[in-house]
Every structure is written in C-alpha cells, then in structure tokens.
Amino acid sequence: MKQVSNMANTSNGSLATLLILFTVSAAIHTVQSQNLISDNISVVEGETATISCRVKNNDDSVIQLLNPNRQTIYFKDVRPLKDARFQLVNFSDNELRVSLSNVSLSDEGRYVCQLYTDPPQEAYADISVLIPPGNPIIESREDIVREGNETEITCTSMGSKPAATIKWMKGDKELQGKSKVEATYDRMFTVTSWLRFTVTKEDDGVPVVCIVDHPAVKDFQAQKYLEVQYKPEVTIKVEFPQGLIREGENLELTCQAKGKPQPHQVNWVRVDDDVPSHAVITGSDLFIENLNKSYNGTYRCVASNSVGETYADYILYVRDALTTTPKPTTTTTTISATTFPPDIIQDAAPSTEAAAHDSQAGPEAQRLDHAVIGGVVAVVVFAMLCLLIVLGRYFARHKGTYFTHEAKGADDAADADTAIINAEGGHNNSDEKKEYYI
C-alpha cells in the first residue's frame with residue numbers, strides 16, 4: 001500500500017510541475033508577443049521630461065502610466081491625477097506618451113508603464129533630475145608669487161546633482177589636481193579641487209583655468225591670471241663699432257635689463273680691474289673712446305630688483321689699427337742724345353716739381369708712414385742731381401767754335417798785313433768758313 005501511495009504522490013507532483021511550466025511558458029509567450037517598452041530619462045531641473053510607453057503587437061489591451069507612488073497618471077487617454085504639469089502628448093493602441101513640465105527634484109523616481117494583460121506587464125522609466133552647479137569659485141593662496149616658489153589654487157563647485165568633475169588647464173597644458181566630494185542634506189554635492197605647482201618666470205600673465213564638467217552644463221569655467229615676480233634678465237648690446245674692434249676706435253655698450261618688478265639699479269664694472277678713468281657711464285650705457293689694448297678685459301653689467309641680482313658679461317679684445325701700404329711705383333727715365341735749349345730745360349723743371357708734389361699729396365691723404373714719404377723724396381732728388389751732372393759734362397765737351405775769314409792764315413804770317421794778304425786768296429773757298437752753335 002505504501003508503494004502504491006508513493007507512486008500516486010509522485011504522479012501528482014509531476015502533473016503539478018507540468019502545469020506550472022505550461023503556465024510560465026504561456027506567460028513568456030504572451031510577453032514576447034506583446035513587448036512593452038519604456039526608456040530612462042535625465043532632465044535638467046525646471047525643464048520638461050517626456051515619458052513614453054510603447055507596445056508591439058497590442059491586442060487591444062489597456063495601457064496606463066503610474067507615478068513612483070503607484071498612483072495612476074493616465075489610464076488610456078484619461079488623466080485621473082490632478083497635476084496639470086502632466087499632459088497627454090500621444091495616445092494610440094501602440095503608445096501612451098505623456099509630458100511632465102517644470103521638473104523638480106521631488107519628481108525624481110521610477111514611473112511604471114502597465115499593460116493590462118493576463119498576467120499584467122510592466123516596464124519602468126527612471127527619471128533622474130539634473131541640477132547644474134553654481135558658478136565655480138577660484139582662489140589662490142597668494143596673489144603674487146616669486147619664481148621658484150610653490151603656489152596653491154583652489155576651485156569649488158557647489159550645489160550640483162550629480163557631483164561635478166573638475167579639471168585644470170595652465171595655458172594650453174592640462175594639470176592634475178586633487179578633488180574632494182561632499183554630499184549635502186538635500187541630495188546635492190559640493191566638489192573642491194586643489195592645484196599645486198612651482199611657478200617660473202614664464203608663468204607670469206598665464207591664465208590658470210578651472211573647468212567644471214557636469215551633465216547639465218558644458219565648459220563651465222573660471223580662471224585666474226598668475227602674477228610672478230622674477231630676477232632681471234640682462235643682455236648687452238653693442239651699439240658701435242660693428243665687427244672687429246681696433247685701436248683708436250670708440251666703443252658704446254647698452255645694458256638691457258628686464259624683470260618684475262623692473263630693475264631699480266643697473267651698474268657697470270670691469271672684472272678684476274677698474275673701468276678706464278675716461279669711460280662715460282650714463283644710466284645703462286657705457287662709452288669708451290680712443291680704445292687701446294690696455295682696455296682689454298671683461299666688462300659686466302649688473303642689474304638688481306627686490307627678487308635678486310643678475311649680470312651679463314662682455315669681453316673686449318682690441319686689435320691693432322689698420323695701416324695702408326702704398327703700392328710700389330716704378331718710374332722709367334729716358335735720356336736721349338737730343339740737345340735741348342736751356343730755356344726748354346728750365347720750363348720743364350716746374351712740371352717735374354709739380355709731379356713730385358702730387359706724388360707726395362696722395363700718400364698724405366692716405367695716411368702713409370713718414371719714413372716711406374722721405375724715402376720717395378730722397379730718390380727723386382738723387383735722380384735729379386744725377387741728371388744735372390750728366391748734362392753738365394755733356395755741355396762741357398761740346399763748346400762752340402767760330403772761324404772768321406780774317407783769321408785765315410794768321411798762323412803763318414809774320415805780321416798783320418801779311419796775314420790779311422794771305423787771307424784774301426781764300427775768299428772763294430766758302431767751305432773753309434765754318435760756324436758752330438751749340
């Protein structure tokens with residue numbers, strides 16, 4: 001009997017299991033054949049949210065919308081709930097669409113789309129209310145920072161939902177800060193971010209930007225410009241001369257100093273020696289005239305402000321002065337055997353002296369050495385003396401001879417009368433009468 005009873009119980013259990021499986025299968029088939037769909041919604045406080053209940057393959061089942069408290073907002077196209085902020089946007093066999101205007105934080109929650117089937121189907125639409133943060137507040141530990149020191153900047157974003165995120169930018173470079181999130185009693189959040197970094201002189205005037213990122217707002221930001229004090233930057237500019245520096249030239253240097261605050265003192269010194277006594281220092285300018293090699297050395301411009309002192313050096317190296325050497329001139333003097341009258345020789349002499357004078361004037365204009373000029377003059381004078389000696393000897397050898405008719409035969413006559421008689425015989429021979437002019 002026990003065995004029969006056990007078999008009966010087993011048979012009843014199996015039937016019950018099959019019935020449950022059949023019921024679940026039918027329910028699943030019904031849900032899949034009539035799909036009820038809804039979407040979650042995020043809406044900014046004060047704006048309008050739209051809730052949509054959609055049905056596929058509806059068999060004339062009734063659609064209704066319930067609020068988070070399970071109160072009916074719309075049954076088909078009828079609104080039992082007395083809240084005029086809910087308005088019917090669309091109603092059909094396949095959709096019930098309702099709008100909620102002027103959304104507040106109290107409207108947040110889960111809304112239910114319900115389809116009257118057997119069993120009933122439900123779909124859920126979660127409304128999240130976004131509350132944008134207030135204006136970010138940016139503050140720094142100090143308004144003015146010296147280069148090399150660390151500064152701290154704080155950015156605060158208050159009263160947002162959900163919590164905002166904060167990032168930092170310095171110029172076009174992103175920096176990493178540390179953030180802290182605090183929840184308030186009204187389900188909102190306050191976010192504070194700190195940024196610490198060491199400043200340089202290049203940071204002066206650069207904006208540091210606090211950017212607040214939140215689903216309700218984009219690129220919500222505040223910025224602060226850095227004010228950095230730094231030591232002077234010193235450079236030395238050569239006003240003149242340009243290129244190599246030589247003896248006898250003048251030198252002018254200008255010291256250019258820039259700092260924050262502006263340098264209050266600029267000095268010129270000579271390293272390991274004194275500045276030349278006749279050097280003129282006017283403000284940031286140094287002027288030295290008529291340079292020579294004793295002025296060689298390092299000249300330093302020193303600038304200072306409240307932050308510190310900086311200097312720049314200029315090394316002076318004076319070279320020898322330039323000298324111009326005249327090109328050698330070869331003069332060729334031709335002495336011919338032609339005999340010149342004395343007056344022509346005298347007329348030619350001034351031209352030679354003028355040429356000598358012109359040859360001397362040119363070197364003077366070119367700043368030639370005095371020894372070279374003296375040598376040229378000595379050569380010219382020596383050449384002229386040699387020429388005069390040669391001419392004198394030539395004239396001495398070619399003196400003029402003059403023979404008259406009366407003197408003909410005077411050497412053989414005993415007296416004058418005899419000489420005249422002897423001479424008369426030779427009157428017809430004109431070849432014996434000769435005259436010479438030199």
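Which cysteine does a disulfide join to C53? The partner is C113, and the two sulfur atoms, S to S, lie 1.8 Å apart, where a disulfide is taken to be a pair of cysteine sulfur atoms within 2.5 Å.

This is a predicted model, in which local features need pLDDT of at least 70 and side-chain atom pairs count only at pLDDT 80 or more, while totals for chains, interfaces and linings use all residues. Residues are numbered from 1 along each chain as its sequence is written, and side-chain values use heavy atoms, with hydrogens and water left out.

**The disulfides**

A search of the whole structure finds three disulfides, and they are set out in the table below.

| Disulfide | S to S distance | Torsion about the S-S bond |
|---|---|---|
| C53 and C113 | 1.8 Å | -70 degrees |
| C155 and C210 | 1.8 Å | about -65 degrees |
| C255 and C301 | 1.7 Å | -75 degrees |

When the bonded cysteines are counted along the chain, the disulfides follow the pattern 1-2, 3-4, 5-6.

**C53 and C113**

The link of C53 and C113 is left-handed, with -70 degrees about the S-S bond. This pair connects distant parts of the chain, since C53 belongs to strand β3 (residues 49-55) and C113 to strand β8 (residues 109-115), 60 residues apart; strands here are DSSP runs of E with at least two residues, numbered from the N terminus. Both C53 and C113 are buried, a word that stands for under 20% relative accessible area, whereas exposed stands for over 50% and partly exposed for what lies in between, with a 1.4 Å probe and protein chains only.

**C155 and C210**

For C155 and C210 the torsion about the S-S bond is about -65 degrees, so this disulfide is left-handed. The pair again links distant parts of the chain, with C155 in strand β12 (residues 150-160) and C210 in strand β17 (residues 207-214), 55 residues apart. C155 is buried, and C210 is buried as well.

**C255 and C301**

The disulfide of C255 and C301 is left-handed, with -75 degrees about its S-S bond. Here too distant parts of the chain are linked, as C255 is found in strand β20 (residues 251-260) and C301 in strand β24 (residues 297-304), 46 residues apart. C255 has a relative accessible area of 4% and is therefore buried, and C301 counts as buried because its relative accessibility is 0%.

**Another cysteine**

C386 has a relative accessible area of 32%, so this cysteine is partly exposed.

Notes:
Helix = DSSP H or I, 4+ residues; strand = E, 2+ residues; numbered from the N terminus.
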